[in-house]
Amino acid sequence: MMAFTIAARELRTLFLSPLAWSVLGVIQIILGYMFLAQLDYFLMVQPRMAGMEDVPGVTDLIVAPLFGNAGVILLLVTPLLTMRLISEERRNRTLSLLFTAPVSMTDIIVGKYLGVFFFLLIMVGMLALMPLSLLMGGALDLGKLASCILALVLLLAGFAAVGLYISASSNQPTVAAVATFGALLLLWIIDWTGGAEGNANGVLQYLSLLRHYEALLKGLVSTTDLIYFLLFILTFLVLSVHRLDNDRLQK
Amino acid sequence: MTSLIQVQELYRYYGDHCAVNNVSFTLEKGEILGFLGPNGAGKSSTMQMICGNLAPTSGQILINGIDILDQPREAKRELGYLPEIPPVYRDLTVDEYLEFCARLHGIHRDRSRRAVDTAKERCGLTEVGPRLINNLSKGYQQRVGIAQAIVHMPAVIVLDEPTVGLDPIQIREIRELIRELGREHGVILSTHILPEVQESCTHVQIIHKGRLVLNGTIASLEQRMRASSLVVATCEPADVRQLYSVEGVQSIEETGHNRYRIFHDKDKDPAVRIAEIVVGAGWGLAELVPERRSMEQIFIDITQTSPQGEEQTA
């Protein structure tokens, strides 16, 4: 499968630039600090909750907020990783190498997407190590942790799909980064409007990435949310393929 | 036997502007086709269409008998393309990059190392294998571009201005390489430098404003290039009337400083007689040069004398 060849090169190029390493480093430091702050908070409230019934556990108090914050931070960072995907190749005129090779547009897009997706998986993996370290001192609700990891993976996959599409639509990486950030932020907060009107904004609520992400973070793995993310990813991948094909048709 | 490339009635519009207008030609194995034209004539567009980088507005392109629009994957297997700007990833080493290109063209991992080594050897890149492409000179980057186009041993190699920006020694090496490639593959080469075509190509096409205005062998081009004038320079002022007496001379133009431009009939070459007269009269022959017409003059000639350019093809 040619997509994997392209994905492997993409991942390799990412790690050849200082960007990937600095992103991994900075994210790890910030999330590590948040994790510790959350842990601190838990240790503070733990004695008070000791006698109460039906209290949130360690997973609810540490893991869910940590992943919630990670979602927001990665919303800022993903555009930086996806901006170069197509736009830089278009700028450097290296796209013609891929166009001339016996690979389809879908191969190119899927390859690029997988490349950046693997990188994001590495980030999620490093994040997951933090709560897992708690296993040394106590028990975790592993089901909820798995749900949180799934949520973040799906969220990042969605971010990457939007980023890829915007990168495929632009000539300049920086423009792609700004546009991606704007689009993601808008999708994140799209349900803020008309909160009081009730049902009128059902569609907007359904479109919001945040809604679906939060539902999964609570440990509620519902098909609606899963399908939302899968459709979201698929839509932007298909759009990217069309966008790239435009290079060949129009120019 | 099918031709390596068969292009039929190719059109390409950019908006209202017609960049490629009814271009048809074929390329056989062992031919090196020079694609000549001034800037903006439609050379690159045509090449991009042959290589599937640009969709034609209408027309058909067969690579080895396979339609590139219907079966792009199969057709592209037989294609190697070097665009104007070599499509190299600057942050990879030469080895990594060529390895990637080989894998991209479906060469299995076991055989890709050999294919890369062969391509490097042919392009003189063996020494620079472990170096970053970004740190190579322009000439070496160009060679990496060519290596990329031949690594999968395609039947057809398309090179868009392969010698632009190279120094004279590198140009000679690359021309040598092109001639060598021409023995086993079909090669299309675009350029706006006439001597390049004369040196390396077997066939030539001239494209002007999107139309094919000349399509033939190198010999037919040289025929057209032979101009009907001589430049003579003497040490002492010459007597023009004596020169007029030579058979075939039509007119003589004095260009100053004892230099004369002598126009003559196309089928007669009066150079020998003129030399004899000049030497015999003791004017001192300093120069006697048959004038070759420049590319621009040929274009003007071809485009003005034959508004229906296609009639020239044959």
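Author: B:Asn64 lies in the loop of chain B between strand E4 (58-63) and strand E5 (66-67). The model discussed here is a predicted one.

Reader: What makes B:Asn64 partly exposed?

Author: B:Asn64 has 19 other C-beta atoms within 10 Å. A residue counts as buried at 20 or more and as exposed at 12 or fewer, so with its 19 B:Asn64 falls in between and is called partly exposed.

Reader: What is to be said about phi of B:Asn64?

Author: Phi of B:Asn64 is near 55°, a positive value, and the residue is not a glycine. Most residues other than glycine have a negative phi.

Reader: Is B:Glu161 buried or exposed, and how do you know?

Author: B:Glu161 has 21 C-beta neighbours inside 10 Å. Because the cut-off for a buried residue is 20 or more, B:Glu161 counts as buried. B:Glu161 sits in the loop between strand E7 (156-160) and helix H6 (168-184) of chain B, and has a positive phi of about 45° although it is not a glycine.

Reader: How is A:Val175 classed, and on what grounds?

Author: A:Val175 has 15 other C-beta atoms within 10 Å. That count lies between the limits of 12 and 20, so A:Val175 is partly exposed. A:Val175 belongs to helix H8 (residues 173-189) of chain A. The C-alpha atoms of A:Val175 and A:Met83 are 8.1 Å apart, although 92 residues separate the two along the chain.

Reader: What does the UniProt record say of chain A, and what does the model show over residues 173-190?

Author: The unreviewed UniProt entry places the feature "transmembrane region" at several stretches of chain A, including residues 62-83 and 173-190. Over residues 173-190 the chain is 94% helix and 0% strand, with the end C-alpha atoms 25 Å apart. Over residues 62-83 of chain A the figures are 95% helix and 0% strand, and the end C-alpha atoms are 32 Å apart.

Reader: Why is strand E3 (residues 32-36) of chain B called mostly covered?

Author: In this strand, 5 of its 5 residues are buried. Both faces of E3(B) are covered: B:Ile32, B:Gly34 and B:Leu36 are buried on one side, and B:Leu33 and B:Phe35 on the other.

Reader: What joins E9(B) to E10(B)?

Author: Strand E9 (residues 203-208) of chain B is joined to E10(B) by 6 bridges, and the two run antiparallel. B:His203 stands opposite B:Thr217 in E10(B). The hairpin of E9(B) and E10(B) has 2 residues between the strands, and in this hairpin B:Lys209 takes a positive phi near 50°. Strand E10 (residues 211-217) of chain B is mostly covered, with 5 of its 7 residues buried.

Reader: Which residues touch the most other members of the largest nonpolar core?

Author: They are B:Tyr97 and B:Val158, in a core of 138 residues. Helix H7 (residues 142-169) of chain A gives the most to this core, with 15 residues. Leaving aside residues up to four places away in sequence, B:Tyr97 touches B:Val88, B:Tyr89, B:Leu92, B:Ile133 and B:Val144. Another core, of 7 residues, lies apart; among them are B:Leu230, B:Val232, B:Tyr260 and B:Ile262.

Reader: How many residues of chain B are in contact with chain A?

Author: There are 23 in chain B, in contact with 19 residues of chain A. H3(B) gives the most to the side of chain B that touches chain A, with 4 residues. By class, that side has 13 nonpolar, 5 polar and 5 charged residues.

Definitions and conventions:
Residues are numbered from 1 along each chain as its sequence is written. Chains are lettered from A and ligands numbered from 1 in the order in which they are written. This is a predicted model: local features need pLDDT of at least 70, side-chain atom pairs count only at pLDDT 80 or more; totals for chains, interfaces and linings use all residues. Two residues are in contact if their C-beta atoms, placed from the backbone, lie within 7 Å. Ala, Val, Leu, Ile, Met, Phe, Trp, Tyr, Cys and Pro count as nonpolar, Asp, Glu, Lys and Arg as charged, and the others, Gly among them, as polar. Two strands pair if DSSP finds at least two bridges between them. A nonpolar core is a set of buried Ala, Val, Leu, Ile, Met, Phe, Trp, Tyr and Cys residues joined through C-beta atoms within 7 Å. UniProt positions are given in the numbering used here, feature names are shortened, and annotations may be inferred rather than shown by experiment.
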